[in-house]
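These are my notes from going through a structure one item at a time. I wrote each entry as I looked it up.

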Amino acid sequence: MYVFKAAVLGAGTMGAEIAQVISLSGLPVVLKDVDEGQLGRGMAHIREIYGRRVQRGRLTEHDAEDRLALVQPQLDYKGFSDVDLVIEAVPEKLALKQAVLGEVEAQVSMTALLATNTSALPVTEIGQSLARPQRLVGMHFFFPASVMKLVEVIAGERTDEEYIDSAIEFVESIRRVGVRVRECPGFLVNRILMAGLAEVLRAERDLSLEPREIDAVVAASKLAPMGPYALADALGLDIAQDVAQTLQAAYGERFDLGDRIANLIAQGKRGAKTGEGFYTYTG
Amino acid sequence: MTKDQETELLDRFNLAVFLEAVRCLDENVSTAREIDIAMRAGAGLSEGPLGRADKVGLDKVLARLEELEARWGDRFHPPERLRALVASGRTGVAAGRGFLEY
Ligand SMILES: NC(=O)c1ccc[n+]([C@@H]2O[C@H](COP(=O)([O-])OP(=O)(O)OC[C@H]3O[C@@H](n4cnc5c(N)ncnc54)[C@H](O)[C@@H]3O)[C@@H](O)[C@H]2O)c1
């Protein structure tokens, strides 16, 4: 299946960036939200991303204008009948996602591909009440989507292989790297990375090390672009803790982060976004 | 940090990541090639965990896991898949085959 027109639901942190990536590849994309203010902020953010590309000389002003014009902001389902792919990026609440996708199913053609950008909810459950759950895939973009190349394409229990193939083709057509993932808690990247982070926290304790020296050693080893503590701060300690708890419930003790991060959160230190986490941030 | 501590820290991080990658493989969550691609493109790791283990040599990885298991317990228990690869001579890049083919 070829995607001639796409739609993104939710113009927040992820939705706006996903719409930008789609438009950059030359595809028309509807960006739908329920909140006019959010929709305006989402469009402003997309304009900003294009502005930066022009500044860096990666796009002419004229081309940027053309691509930006491919993003159609709206509050209703106008024009959804000829949309080939809908990517849902509304808040991470199961009931909301189920309701929104149910709504969308009534607006699009029988063959349209439906996708959810959920970070951690089971795709199978999100699709539970759809008339045609076989066409729902997980399409997990990473933050910030305008920069990050990876998209996990996740098959729920009822997803048909042909829709996975279409999703992978689409992801490649917007110049992203798609990997096929069978649904499991944490999917692939967050699950594997979190296993590493939990072990680093244990090593910190066992060897009486400091976060700062651990980050320095990891960065110097060139294993990763930043150390695990700087990464956790960037992600948000509360989000890291949430993910780890889901994983611990699913797989057991190896995902136990101990009380190190919980203590910081209890002091209101949730990482870079609050100005303090393992490190202190100014400005 | 002493040199020994540094080695232990990096080994524990790398092997925890490696073991989780092997579990994903065992559970058919994805393929070896795609797991490595995902960890590079999605987590920014310089190398995928399976390719990295192939490069180190799976016999060496197995021996190190046995040491870590003796010291830190079950969570470092070497996976059957790793033992089978080593037993069949598929010890990684040097042998031309490991988790991936070379
Ligand atoms: N933020 C991240 O780092 C990240 C990374 C990967 C995946 N995700 C996932 O992406 C999804 C969106 O997260 P976010 O951080 O962009 O959230 P957000 O809160 O920034 O944005 C959500 C947007 O959805 C809108 N919305 C609410 N109800 C709606 C409806 N019925 N129809 C259309 N729009 C509606 C909201 O007005 C808001 O603009 C979540 O499932 C999240 O888990 C987030």
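**Entry 1: the sheet.** In what order do the eight strands of the open sheet in chain A stand? I read the order as E3-E2-E1-E4-E5-E6-E7-E8, with mixed pairing. I then looked for the edges and found strand E3 (71-74) and strand E8 (177-182) of chain A, each of which pairs on one side only. From one strand to the next, the twist averages 25°. I noted that this is a predicted model.

I also checked what lies against the sheet. Helix H2 (residues 32-41) of chain B packs on it and touches strand E7 (150-155) and E8 of chain A. The direction of this helix makes about 125° with that of E8(A).

**Entry 2: one pair of strands.** I recalled that strands of a sheet pair through backbone hydrogen bonds, either parallel or antiparallel. I picked strand E4 (residues 85-88) and strand E5 (residues 113-116) of chain A, which pair in the parallel sense over four bridges. Leu85(A) has Leu113(A) in E5(A) as its bridge partner. Ile87(A) stands opposite Ala115(A) in E5(A).

Next I asked which residues of E5(A) point one way and which the other way. Leu113(A) and Ala115(A) point one way, while Leu114(A) and Thr116(A) point the other way. All four are buried. I wrote the general rule beside this: in a regular strand the side chains alternate between the two faces of the sheet.

**Entry 3: the cores.** Which residues have the most contacts inside the largest nonpolar core? I listed Val86(A), Phe278(A), Phe18(B), Leu50(B) and Phe99(B), in a core of 87 residues. Helix H1 (residues 3-26) of chain B gives the largest share of this core, 11 residues. The core also draws at least three residues from each of domain 1 (6-181) and domain 2 (190-273) of chain A.

In soluble globular proteins, nonpolar side chains tend to be buried together.

**Entry 4: domains and confidence.** I looked up how far apart the two domains of chain A are. Their centres, taken over C-alpha atoms, are separated by 29 Å. The model has ipTM 0.98 and pTM 0.95. For chain B the mean pLDDT is 97, and 100% of its residues reach 70 or more.

How values were computed:
Residues numbered from 1 in each chain as written. Chains lettered and ligands numbered in written order. Predicted model: local features only at pLDDT ≥ 70, side-chain atom pairs only at ≥ 80, totals over all residues. Heavy atoms only, no water. Pairing = 2+ DSSP bridges. Helix = DSSP H or I, 4+ residues; strand = E, 2+ residues; numbered from the N terminus. Axes fitted to C-alpha atoms, helices over the stretch in contact; angles between N-to-C directions. Contact = heavy atoms within 4.5 Å. Domains from an automatic or database assignment. pLDDT = per-residue confidence, 0-100. Core = buried A, V, L, I, M, F, W, Y, C linked by side-chain atoms within 4.5 Å. Buried < 20%, exposed > 50% of the residue type's maximum accessible area, 1.4 Å probe, protein only.
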